[in-house]
Amino acid sequence: MDTTVKSATAKSEATYATILAAAYDMAGAEGLGKVSLGELAKRTGISKSGIFSRVGSLEALQSAVLDEYDRRFSEDVFLPSLQVPRGLPRLTVQVELWLQKIGNETARGGCLYTAGAFEFDDVPGPLRDRIEEGVNRWRASMRKTVLQAMELGHLRPDTEPGQLVFEIYSLAIGVMHDARFLRADATPRRAQRAFNRLISTYRSFGDLE
């Protein structure tokens, strides 16, 4: 590849990365629906037409922001949980890391899917569909882990997976509320205590290997 072409490609990729990073931060702090090409132009110093030429459309940029969230979520939560044994140990790590991630007020990142579920609950369209798909995908992953914990005897055989996942998700919504709206410093500690209490009602208390 010609050196000039390589340089232009690298510059274009760097510009796109700058736009995506700014959009990601904006979505985390203000909501995915608040992302706009005009505001990004102000924040990045890139012309609105320059942003449009690289992202294609606002909808495409919002989708790219969710793709980036998925990548970071996998890196911060999902992949680390695969390093621990299946069943309750894995479920515990999944939930602990997830609650830590969404309760991190310093990063102001929250959970784009949890927040987006409220932001777009009555706004039909591709973005709402994408958010719903992401929410259901994560809940299905947790349900699978719950089923594994039941099969391994870590959780009571009468555990209803859907109910447990619902309760965990409800806890996550509470974390979002207190960490982001109330700015409550005790949120991470309280969330961990709440999860420990919740899971204790489902444990079989058999030998956990």
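Arginine 72 and glutamate 68 form a salt bridge in this predicted model, with the closest N and O atoms 2.9 Å apart; a salt bridge is taken here as a side-chain nitrogen of Lys or Arg within 4 Å of a carboxyl oxygen of Asp or Glu. The two residues are 4 positions apart in helix H4, and are therefore separated by about one helical turn. Helices (H or I, at least four residues) and strands (E, at least two) are DSSP runs, numbered from the N terminus. Arginine 72 is partly exposed, at a relative accessible area of 27%, whereas glutamate 68 is buried, at 13%. Buried denotes under 20% relative accessible area, exposed over 50%, and partly exposed the range in between (1.4 Å probe, protein chains only).

The model is a predicted one, in which local features need pLDDT of at least 70 and side-chain atom pairs count only at pLDDT 80 or more, while totals for chains, interfaces and linings use all residues. Residues are numbered from 1 along each chain as its sequence is written, and side-chain values use heavy atoms, with hydrogens and water left out.

Over the whole structure, a search finds 12 salt bridges. One of them joins glutamate 30 to arginine 43, with the closest N and O atoms 2.6 Å apart. Glutamate 30 lies in helix H1 (residues 3-30) and arginine 43 in helix H2 (residues 37-44), so that this pair ties together parts that are 13 residues apart in sequence. Glutamate 30 is partly exposed at 41% relative accessible area, and arginine 43 likewise counts as partly exposed, at 42%. Helix H2 also contains threonine 44, which is partly exposed at 21% relative accessibility. Threonine 44 and aspartate 129 are 85 residues apart in sequence and, C-alpha to C-alpha, 29 Å apart in space.

With regard to the overall fold, the secondary structure of the protein comes to 9 helices and 0 strands, which read along the sequence as the pattern α-α-α-α-α-α-α-α-α. The C-alpha trace spans about 65 × 45 × 35 Å along its principal axes, and buried residues make up 39% of the 209 residues. Glycine 87, in the loop between helix H4 (58-81) and helix H5 (88-102), counts as buried at 0% relative accessibility. Glycine 87 and threonine 145 are 58 residues apart in sequence, yet their C-alpha atoms are 5.8 Å apart in space.

Arginine 183 lies in the loop between helix H8 (161-181) and H9, where its phi is near 55 degrees, a positive value in a residue other than glycine. At 43% relative accessibility, arginine 183 counts as partly exposed. Threonine 187, by contrast, lies in helix H9 and is buried, at 6% relative accessibility. The side chain of threonine 187 reaches the backbone oxygen of alanine 184 at 2.8 Å, a polar contact being a pair of N or O atoms within 3.5 Å, of which, within protein, one must be able to donate a hydrogen and the other to accept it, and for which residues adjacent in sequence count only if both atoms are side-chain atoms.

Arginine 197 is also found in helix H9 (residues 187-200) and is exposed, with a relative accessible area of 54%. Together with Arg189, Arg190 and Arg193, Arg197 forms a patch of positive charge on the surface. Patches are made of residues with over 30% relative accessible area and no salt bridge, like charges being joined within 9 Å and nonpolar side chains (Val, Leu, Ile, Met, Phe, Trp, Tyr) within 5 Å. Lys and Arg count as positive, and the place of an Arg charge is taken as CZ.

Key
Areas by Shrake-Rupley, 256 points an atom, 1.4 Å probe, with all protein chains shown as cover.
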